[in-house]
Amino acid sequence: MKKTINFYAFEREFEQCGRGNQFTRQGLRALFNYLEEYEQDCGTEVELDVIALCCEYVEYEDLDEFH
């Protein structure tokens, strides 16, 4: 069973899983947009697994932290 969600529902899922502070709002929006574009480009639906996304993606404060 699949459910289409918008950004606000996506954000709520992170908060409900206790991961509301994992990303900034801007970072979370970027991740949401990336996942939507991925679905459109690949024709594959992405299952929302907040914990898996938190393990797979990280948000850095700046390029120095990245390096």
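How many salt bridges does the structure hold? The model shown above is a predicted one, and it holds two salt bridges.

In general, side chains of opposite charge can pair when their charged atoms come close. Arg 25 belongs to helix H2 and Glu 11 to helix H1, so the pair links distant parts of the chain, 14 residues apart. The two partners may be described by their accessibility. Glu 11 counts as buried because its relative accessible area is 15%, which falls under the 20% limit for that class. Arg 25, at 45% relative accessibility, is partly exposed.

The other salt bridge joins the side chains of Glu 45 and Lys 2, with an N to O distance of 3.7 Å. This pair also links distant parts of the chain: Glu 45 is in the loop between H2 and H3, Lys 2 is in the segment before H1, and 43 residues separate them. Glu 45 is exposed because its relative accessible area is 53%, and Lys 2 is exposed because its value is 59%; the class requires over 50%.

The interior may be considered next. Nonpolar side chains tend to be buried together in soluble globular proteins. In this model, the largest nonpolar core comprises eleven residues, including Phe 7, Phe 14, Leu 28, Phe 32, Val 50 and Cys 54. Helices H1, H2 and H3 are the elements that give two or more residues to this core. The greatest contribution comes from H2, which gives four residues.

Cys 54 also takes part in a further relation. The C-alpha atoms of Gln 22 and Cys 54 are separated by 7.1 Å, although the two residues are 32 residues apart along the chain. Gln 22 is found in the loop between helix H1 (7–16) and helix H2 (25–42). Its relative accessibility is 32%, and Gln 22 is therefore partly exposed.

Finally, the surface deserves attention. Which residues form a negative surface patch? The patch is formed by Glu 59, Glu 61, Asp 62, Asp 64 and Glu 65. Of these residues, Asp 62 is placed in the loop between helix H3 (50–56) and helix H4 (63–66). Asp 62 is partly exposed because its relative accessible area is 41%, a value between the limits of 20% and 50%.

Definitions and conventions. Residues numbered from 1 in each chain as written. Predicted model: local features only at pLDDT ≥ 70, side-chain atom pairs only at ≥ 80, totals over all residues. Heavy atoms only, no water. Buried < 20%, exposed > 50% of the residue type's maximum accessible area, 1.4 Å probe, protein only. Patch = residues over 30% accessible without salt bridge, like charges linked within 9 Å, V, L, I, M, F, W, Y side chains within 5 Å. Areas by Shrake-Rupley, 256 points an atom, 1.4 Å probe, with all protein chains shown as cover. Salt bridge = Lys/Arg side-chain N within 4 Å of Asp/Glu carboxyl O. Lys, Arg positive; Asp, Glu negative; His and termini not counted. Charge placed at Lys NZ, Arg CZ, Asp CG, Glu CD. Core = buried A, V, L, I, M, F, W, Y, C linked by side-chain atoms within 4.5 Å.
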